[in-house]
Amino acid sequence: RSALAEWITRDDNPLTPRVIVNRIWQQHFGQGLVASASNFGRLGSLPSHPELLDWLTADFVKNGWNLKRLHRLILESNTWRQAASHPLATKYEQEDPSESLLWRAPVRRLTAEQIRDAMLLVTGELQLDLGGPSENSQAVRRALYIKSFRNNPDDFLHAFDKANGLKSESQRNRTTTAVQSLLMVNGSFSMMRAEAFAQRLAEESNLDSSALVNLAVRLAWGRLPTEAERERAIQYIGTDVQVSSKSDGRDRWVDFCHVLLNSSEFIYVD
């Protein structure tokens, strides 16, 4: 094993660092500079930006294979910090329909684990303890610690294309199915998170409805609501409706939280 490791990482083997750099780029952009992540041979895809891949690889090796530095280098680039909207999108989509030339940020959906953990984080339930044994799917720990059974996969994670854990996968499937929507709208996990989200808001007893709407949107979407969004929310919830578990309007607050967790702005990154 030591001989194999030394051969893989030797200075005159350029393939290993190129694969690593490509995988990290793929992690951040959804697709690597070489689209066929496990095939750098003649039958694989050609790099969309060969000079960039060469430069990143050389810089990676020069700086001691420092992964944290490579992440920082990519995330601080102008390419990464682009918006998903572009004033010349109509023109560029005709010239580059696959958007492989990176003229705008790709819109991507969170992974299965990210969706699950983000919901738990917003509701205030997520336990960030490190280490320890794995737990069942109802636990409120990070998805990393949820047990994975070959014959009994977790319904929520499996629906959103979680890797099966039995073999290495260079790139996950990215499907959009009716089951995903049904689980987000009617699934027990999603409904429980909406209840917990409302309960978190109920603990802010000193805030009025408008302030609670601001807080809920900021927690879920990372921004304050627009005036129109706030007015629509208040119109549905009511100005004097309490969010406590004993109030008559509790269900409307739960529904509002449920909507926030089901929104594209929560599930997708642009």
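Student: What is the relative accessible area of Trp80?
Tutor: This is a predicted model, where local features need pLDDT of at least 70, side-chain atom pairs count only at pLDDT 80 or more, and totals for chains, interfaces and linings use all residues. Numbering starts from 1 along each chain as its sequence is written, and side-chain values use heavy atoms, without hydrogens and water. Trp80 is partly exposed (buried is under 20% relative accessible area, exposed over 50%, partly exposed in between; 1.4 Å probe, protein chains only). Its value is 28%.

Student: How many aromatic pairs are there, and what kind do Phe29 and Trp80 form?
Tutor: Rings of Phe, Tyr and Trp (its six-membered ring) pair if their centres lie within 6.5 Å; planes under 30 degrees apart are stacked, over 60 edge-to-face, the rest tilted. The count comes to seven aromatic pairs. The ring centres of Phe29 and Trp80 are 5.6 Å apart with planes at 85 degrees, so this pair is edge-to-face.

Student: Nice! How many residues apart are Phe29 and Trp80?
Tutor: Phe29 belongs to helix α2 (residues 15-29), helices being DSSP runs (H or I) of at least four residues, numbered from the N terminus. Trp80 sits in the loop between α4 (67-75) and α5 (89-95). The pair thus links distant parts of the chain, and the separation is 51 residues.

How values were computed. Helix = DSSP H or I, 4+ residues; strand = E, 2+ residues; numbered from the N terminus.
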